[in-house]
Amino acid sequence: QVQLVESGGGLVQAGDSLRLSCAASGRTFSSYPMAWFRQAPGKEREFVAAIDRSGTIINYADSVKGRFTISRDNAKNTVYLQMNSLKPADTAVYYCAVHRTPLWSTAQTMDVKTYDYWGQGTQVTVSS
């Protein structure tokens, strides 16, 4: 049974930073791409960032490029999302997910339907 547990969310002001963590268990973590998605109230879940199994290939949504950094520590079975210069538009529940296959495809890793396992989410609220 794969389990993902996110942490690190909170209430911050615009311009502040947060670091989200996602601890994984139950699967060979290092074998699969991982990603962060987010979902704001009344909106669909959207792609934020993805990282391949070795941490060398990374992709970001245009809305977070230059502000967010995804990374992973395979020894700790953990993926991170460093979020800087936060904006009110970043307010959402943030989810981490494990990709369905070990192979990297930029297009597929942006598609919410290609992820089999999800965490419970962590709330990020950015006030203006």
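The charged end of arginine 45 sits over the ring of tyrosine 95, 3.7 Å from its centre. A charge counts as sitting over a ring if NZ of Lys or CZ of Arg is within 6 Å of the ring centre and within 35 degrees of the ring normal. Arginine 19 is placed likewise over the ring of tyrosine 80, 4.0 Å from the centre. The model is predicted, and local features need pLDDT of at least 70, side-chain atom pairs pLDDT 80 or more, while totals for chains, interfaces and linings use all residues. Residues are numbered from 1 along each chain as its sequence is written, and side-chain values use heavy atoms, without hydrogens or water.

Tyr95 also belongs to a cluster linked by ring pairs, together with Phe37, Phe47, Tyr115 and Trp118. The count of aromatic pairs comes to 5. Here, rings of Phe, Tyr and Trp (its six-membered ring) pair if their centres lie within 6.5 Å.

The largest nonpolar core has 35 residues. Such a core is a set of buried Ala, Val, Leu, Ile, Met, Phe, Trp, Tyr and Cys residues joined through side-chain atoms within 4.5 Å. Buried means under 20% relative accessible area, exposed means over 50%, and partly exposed lies in between (1.4 Å probe, protein chains only). Trp36, Val79, Leu81, Met83 and Tyr94 have the most contacts inside the core. Two or more residues each come from β3 (18-25), β4 (34-39), β5 (46-51), β7, β8, β9 and β11 (122-127). Strands are DSSP runs (E, at least two residues), numbered from the N terminus. In soluble globular proteins, nonpolar side chains tend to be buried together.

Two loop residues have positive phi. Asparagine 77 lies between β7 (68-73) and β8 (78-83). Its phi is near 55 degrees, a positive value in a residue other than glycine. Asparagine 77 counts as partly exposed because its relative accessibility is 26%. Serine 85 is in the loop between β8 and β9 (92-99). The phi of serine 85, also not a glycine, is near 50 degrees. At a relative accessible area of 40%, serine 85 is partly exposed.

The count of cavities of 30 Å³ or more comes to 1. A cavity is a set of points on a 1 Å grid over the protein atoms alone where a 1.4 Å probe fits but cannot get out; lining residues have an atom within 4 Å of a point. The largest cavity has a volume of about 40 Å³, the space filled by probe spheres set on the points. Its lining includes Val2, Phe29, Met34 and Val98.

Note on methods: On a 1 Å grid over the protein atoms alone, a cavity is a set of points where a 1.4 Å probe fits but cannot get out, and a pocket is an open set with protein on both sides within 12 Å along at least five of seven lines; lining residues have an atom within 4 Å of a point. Rings of Phe, Tyr and Trp (its six-membered ring) pair if their centres lie within 6.5 Å; planes under 30 degrees apart count as stacked, over 60 as edge-to-face and the rest as tilted. Helices (H or I, at least four residues) and strands (E, at least two) are DSSP runs, numbered from the N terminus.
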